[in-house]
Each structure stands twice: as C-alpha cells, then as structure tokens.
Amino acid sequence: MSPSSSSGTTVPGDPAGPEGAELLAALLDGMDAALCAFDAHGTITHWNREAERILGWTAAEAVGRRGFAGWAVRSADAGDVQGRLLAAMDAPGRQVNEFALLRKDGGRVLVRTQSSGVRGEDGKPAGVYCAFSEVHAHIDLERSIALSEALFEDASWGVVAVDVDLRPTVVNAYAARALGGGRTTLLGRPLGELIVQGVEDLEGALQHVLAEGAPPAPAELWVTLRTAEGDRRRCWRSGFLRLASPLAQEPVPLGVGWLFRDVTAAKLAEQEADRVRFRANQLHRAARQAAECEDPMEAATTSLDYALAGFADHVVVDLLADLAAGERLVRAAATPAEAPGPCLPVSGGPLPVRYAPGHPALQALERTGSVRAAAPAGAGEVWAVEHQWPGDSVHALCAVLRSRGRTLGVVTFLRAANRRAFERPDVMYAESVAVRVAAAVDLARLTAEPGA
C-alpha cells in the first residue's frame, strides 16, 4: 500500500486512475463508521472523516504514520494494539477488539474495532482495514436492537409496526393473539379485515400520528373483532409512535409503532362499579322522594321514574284487578308511548289488557319470577304492537310485583333498538325496584278498601 495523495484516501486495490481513487475516497469518507487502513508494515494509508470526528486527528495528520504509537495510543499499549490489529491480516473473517485510544486533545476514548485483512493480487497479505466506533455508541445500538427484538418477541403488551398504508408489517405474539391471527398471516392485511367495528377510530389515530406525531397520552379504543367464535368487543389502551428513517436528512415517515394492552376486563369492571353505584343512588333518591308522597300510587310511579334513568326507555305497570280470581290484568300506569316522559296512571282509570297466551307478562305471573324477552330480527315494531307495548320496543324485562306473600301484578321495562338486551344484573335491579313499587301498590289498595 502507498499513502494517499493530498486527500489521504488511497487504499490497497484502488481502481486505476485518479477518478477511481477520488470516487473511492468519497465513498469511504461518507461512511457513518470511522475507518482507517494499514499496509502490511502497519503504516496508515487511509483515515476518513468519522475517524477524524472521534479522535480529532485529521487525515493529513494520520496518513503516513506507523501505527498509533506516540499519538493515538499510550506508549505502554502501542505494541499490544499494533499486534492485535495487524494479526487480522493472517486471521480469517473479522476480528473484534476494544482499545483505549487517545484523542488529539489528550482525552481517552474506548473504541470497538472490527478488523479485516486484505490480500494483494498475488494472494499475500497486503494490509488491514479497521472500522471503529465509540463503545457507548455500539452499546446504544445493541441496546436498541435488543429492545426491539424483546418488544417483538416477549413483551407483555401488543406491539405492531404499521406502514404508511396502515397495514401491519411486524406483529408480536401478544398482538397476534389479541387480533385473532398468526404473526405472519396478519402481515399486509387491511385492519378492516380484522376489526368489525371501531376500525375508523384506530385508522384515524394512525393517520394523525403519521401527519402530526405521537399523541401526548395513551388512548382507549373500543373495537369489535371478528373471530372464529364470533364477534368480540374489546378495549385497547393504545400508545402510538411515529417511525422515521434515521438515514434520511429530512424526517421520512416509515409508518407507526402501535403499542397496546387489552384492558377490557378492567374497563368492564369499572363500568359495572359505576353502574351499581348509580343505581344504588337512584334507589336511595327514589325512596326519599316516595316517602314524601301522600298518594301511595304516586310513590310507586315516582320510584319508576327514578329507575328509568339510564336503564330503560319505557315502563308499564299491569295489576291484577281481582286478587281473589287472580287472572285479569289491567294497565294501571305507563310512560308515554311516543316520546320519553314520566310514568303516570292511565287516564280514565285502569284498562284491561288482553295478552295472548305465552306473553312475557303472563309467563312472569305463572313463574312468580322475572322474564326477559327480545324481538326477532326485523320484527321490532310488529312484535311490540302484538305485545301491546310502545312501537320502538325490542327488549323487555317483566318483574313480578309481590307484597305480603301475594302477587299484585307485573312491571315491564322496555328498551329500544339502540340499547343492549337486558342482562342478569339488570334483572336484579328491576326486582329491587319491583319490591318498592309492590309495597306502594299494596298500600294504595289497603287505603282504598272500605273502612281502611
């Protein structure tokens, strides 16, 4: 090898002619890694700009020197450093070492080197190329790579890399389970194929991150997933990071890093706790208000008004007209059929209701227990009219009114199509309300009896 010309960039095996040497010099000087080259005698033949940045020595000061002794390494270490670097000429592959080198300003810096031997046209050792960087930079890189691999392998939350077309490119095991697919089968598929409802919110968040950057706090997204077992509604607490290329001069978006955790159980428990707290408060308020009513039937309808809040759209009260016969039901009170309103006694007095056999209210009387019912798909208004309920009713819950060991009637709560069907916790709440309504109805009948 011969030392470089004024640019200090000629290395073994230069292409013939000055243009080839200049091209090679430009390529090596543009590298992100520090690079120096030694000939077979240990003389430095190349020193690029990154090496100058790390150690402070320019190419003009470095090229032509014999090893690092006396300027880039302590004298006591020079022999060991020189020997380990030049040993790469006779060793196969790359040799990795760590050395403490000296900066031009006298400071020391620990570098990690990768050295490879170079052979001439005759096949004999001709020199060594040595790439090096500060150890902490290597450690940072290794730590970043290790973190990335851990996130995409062992993380206890979902990690998905999404490209600019909003399609998954990398999915970890947690995310694959949450999305209901395999780590490879999910790649490249539109999110809309996986998510039945809520995909618009998710894609909107991803597009916002691509355009504006990461949001300041995690977001909770409710989605419905399509699975082999049917649709599942889930809540994901999600964080987003915009991914940009570290190699471009201007930030170029590569996609979005989406991290999420399934918090469905916690959110449902929180919602249930809020619902129980609200309903208990409503029962308390209803009891206090009913206690101020002189008319027991007014106390009954007042209790129902408080119960409706957040629970149902309509309520009807059907009472047994003849307790001795125990058969005939009359409509005693109801909310307006056309629009929301308070529960009031039926104008003109109780009206007989002729329920067909198998009607949920009659089933509740027969079983002396609560009955839930729902309209068949597409039969909402016809179903409601057949059951003599408001036309928008599609879900019903009938609870028996009992007091002093006797059945007094049935209270029916009704929901429209925009609400979910009644569930077991709703039955318990309806029965708690029915107990209070039954006590008020019983008191109204006692006070109405002759001689009361």
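User: In which strand does Val317 lie?

Analyst: Val317 lies in strand E12, which runs over residues 314-320; here helices (H or I, at least four residues) and strands (E, at least two) are DSSP runs, numbered from the N terminus. Residues are numbered from 1 along each chain as its sequence is written. This is a predicted model, in which local features need pLDDT of at least 70 and side-chain atom pairs count only at pLDDT 80 or more, while totals for chains, interfaces and linings use all residues, and side-chain values use heavy atoms, with hydrogens and water left out.

User: Is Val317 buried or exposed, and which residues does Val317 touch?

Analyst: We decide this by relative accessible area, where buried means under 20%, exposed over 50%, and partly exposed in between (1.4 Å probe, protein chains only). Val317 has a relative accessible area of 2%, so Val317 is buried. Contact means heavy atoms within 4.5 Å, and, when residues up to four places away in sequence are not counted, Val317 touches Leu304, Val330, Arg331, Ala332, Ala333, Leu401, Val410 and Val411. The C-alpha atoms of Val317 and Thr45, which are 272 residues apart along the chain, are separated by 100 Å.

User: Where is Val162 placed, and what is Val162 in contact with?

Analyst: Val162 belongs to strand E6, residues 158-162, and counts as buried because its relative accessibility is 2%. Leaving aside neighbours within four places in sequence, the contacts of Val162 are Arg167, Pro168, Thr169, Leu206, Leu254, Gly255 and Val256. Between the C-alpha atoms of Val162 and Arg261, 99 residues apart along the chain, the separation is 16 Å.

User: How do I read a helix such as H7, and which of its residues are buried?

Analyst: An α-helix has 3.6 residues a turn, so residues three or four places apart point the same way. The expected span of a helix is 1.5 Å times one less than its number of residues; the 14 residues of H7 (residues 199-212) should therefore span 20 Å, and the end C-alpha atoms are 20 Å apart, which agrees. Val199, Leu202, Ala205, Leu206, Val209 and Leu210 are buried in H7.

User: What covers the buried residues of H7, and which exposed residues does the face turned away carry?

Analyst: The cover includes E6, strand E8 (195-197), strand E9 (219-227), strand E10 (230-244) and strand E11 (253-262). On the face of H7 turned away from its buried side are the exposed residues Glu200, Ala211 and Glu212. Just after H7, Gly213 takes a positive phi of about 105°.

User: Which residues other than glycine have a positive phi?

Analyst: Most residues other than glycine have a negative phi. Among those with a positive value here are Thr368, with phi near 55°, and Gln388, with phi near 60°. Thr368 lies in the loop between helix H10 (360-367) and strand E16 (371-374), and counts as partly exposed at 41% relative accessibility. Gln388 is in the loop between helix H11 (380-386) and strand E17 (395-403), and is also partly exposed, at 31% relative accessibility.

User: How many cavities of 30 Å³ or more does a search of the whole structure find, and which residues line the largest pocket?

Analyst: On a 1 Å grid over the protein atoms alone, a cavity is a set of points where a 1.4 Å probe fits but cannot get out, whereas a pocket is an open set with protein on both sides within 12 Å along at least five of seven lines, and lining residues have an atom within 4 Å of a point. The search finds 1 cavity of 30 Å³ or more, and the largest cavity holds about 40 Å³ of space. Its lining consists of Gln282, Leu283, Ala286, Ser303, Tyr306, Ala307, Tyr429, Val433 and Arg436. H8, helix H9 (296-308) and helix H12 (424-448) are the elements that give two or more residues to this lining. The largest pocket, with about 250 Å³ of space, is lined by Trp222, Arg233, Leu268, Gln271, Glu272, Arg275, Arg420 and Glu423. Helix H8 (residues 264-291) supplies the largest share of that pocket lining, 4 residues.

Conventions: Grid points are joined across faces, edges and corners, and a volume is the space filled by probe spheres set on the points.
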